[in-house]
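Here is a short note to read alongside the model. Keep the structure open and find each residue as you go.

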Amino acid sequence: MAGALTDLRTRSFTPYLIQQDYSSYTEEQHETWAELVSRRMPQLAVHAAEEYLEGFAVIGLKNDRLPNLSEISQRLRPRTDWNTVPVSGFMPGPAFFEMLSLRQFPTTTWLRRRDSLEYTPEPDIFHDVFGHVPMHAHPVFADFLAKYGELCASIEDESVLERIGRLFWYTVEFGLIRQHGRVKVYGSGLISSNGECTNVLEGHCEVRDFTLCEVLDAPVQVDQMHKQLFAVESFEQIYEALQYVSGCVASGEPL
């Protein structure tokens, strides 16, 4: 990992790079991680996308120990060339997009406290790794995420970025997919949150077929449970949607 970090030292996100001091995690923190995983896995074993569950095994996540980001990167790189890179916390958009474009996923290293198991106002290592990283082992999804970062890194118009951000929100963060006649979850906000996932599974959220126009027109609401989400038929569908968006941006056509 040290070599990978050295290659990133001249980038815009350099000030946010840190090292994960794995030995500093306490037994209480490992126990908190284990409790978080044990709360989610029974539901996910039935309702998570096949690609998420496969990715969980591929990256070697453990049920009872916090993830070692360097070890995860060693497993991911041969498969999709992605890395999990520890960062100090919230990053501005340009730095975040540049990291994605280079297949470097910015990952926080702190873990929520035991009294905040269900929700934290900002992402922690459970949301970032347990929620996001297993999907990075899927080649099409991995390509989609890198292309998304590359596209957004090239855009300065905030209104355009906000609109394209809805594609990220309703796929990477809160995406659903139909598999074997059932709706499965793959978005990190659903994977890592019992409340959000149960809200969908119990029918309190309308599940619409994914269409790019509808997704780009759907406002993002962060202060309440979702009342509407979108299900794709395959991950190729979101990759093709992004290709269309990229073509519109390149030609100056309105989205």
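Predicted model: local features only at pLDDT ≥ 70, side-chain atom pairs only at ≥ 80, totals over all residues.

The points below go from the strands to the helices and then to the cores.

1. A parallel pair. Strand S1 covers residues 83-86. S1 and S2 run parallel, and four bridges join them. Between S1 and S2 the chain passes through helix H5, residues 93-101. This β-α-β crossover is right-handed.

2. Helix H6. This helix spans residues 125-132. Eight of its eight residues are buried. Among them are Ile125, Asp128 and Gly131. What do the buried residues of H6 pack against? The list is H2, helix H3 (50-58), helix H4 (69-80), S2, helix H8 (158-173) and H9. Strand S2 from the previous point is on that list.

3. His127. This residue sits in H6. Why does His127 count as buried? Its relative accessibility is 12%, and buried means under 20%. The side chain of His127 makes a polar contact with the side chain of His132, at 3.3 Å. Leaving aside neighbours within four places in sequence, His127 is in contact with Arg112, His132, Glu173, Ser188, Gly189 and Ser192.

4. Helix H10. Look next at residues 194-201, which form H10. Its buried residues are Glu196, Cys197, Thr198, Asn199 and Val200. Their cover includes two helices, H2 (27-47) and H9 (188-191). The cover also includes strands S3 (176-179), S4 (182-185), S5 (206-209) and S6 (228-232). After H10 comes Gly203, which has a positive phi, near 85°.

5. The nonpolar cores. In soluble globular proteins, nonpolar side chains tend to be buried together. Here the largest nonpolar core has 69 residues. Which residues have the most contacts inside this core? They are Trp33, Phe130 and Tyr186. Helix H7, residues 139-153, gives the most to this core, with eight residues. A second core is separate and has seven residues. Leu17, Val85, Val87 and Met91 are among them.

Definitions and conventions
Residues numbered from 1 in each chain as written. Heavy atoms only, no water. Pairing = 2+ DSSP bridges. Right-handed = clockwise from strand over helix to strand, strands pointing away. Buried < 20%, exposed > 50% of the residue type's maximum accessible area, 1.4 Å probe, protein only. Contact = heavy atoms within 4.5 Å. Core = buried A, V, L, I, M, F, W, Y, C linked by side-chain atoms within 4.5 Å. Polar contact = N/O pair within 3.5 Å; in protein donor to acceptor, adjacent residues only side chain to side chain.
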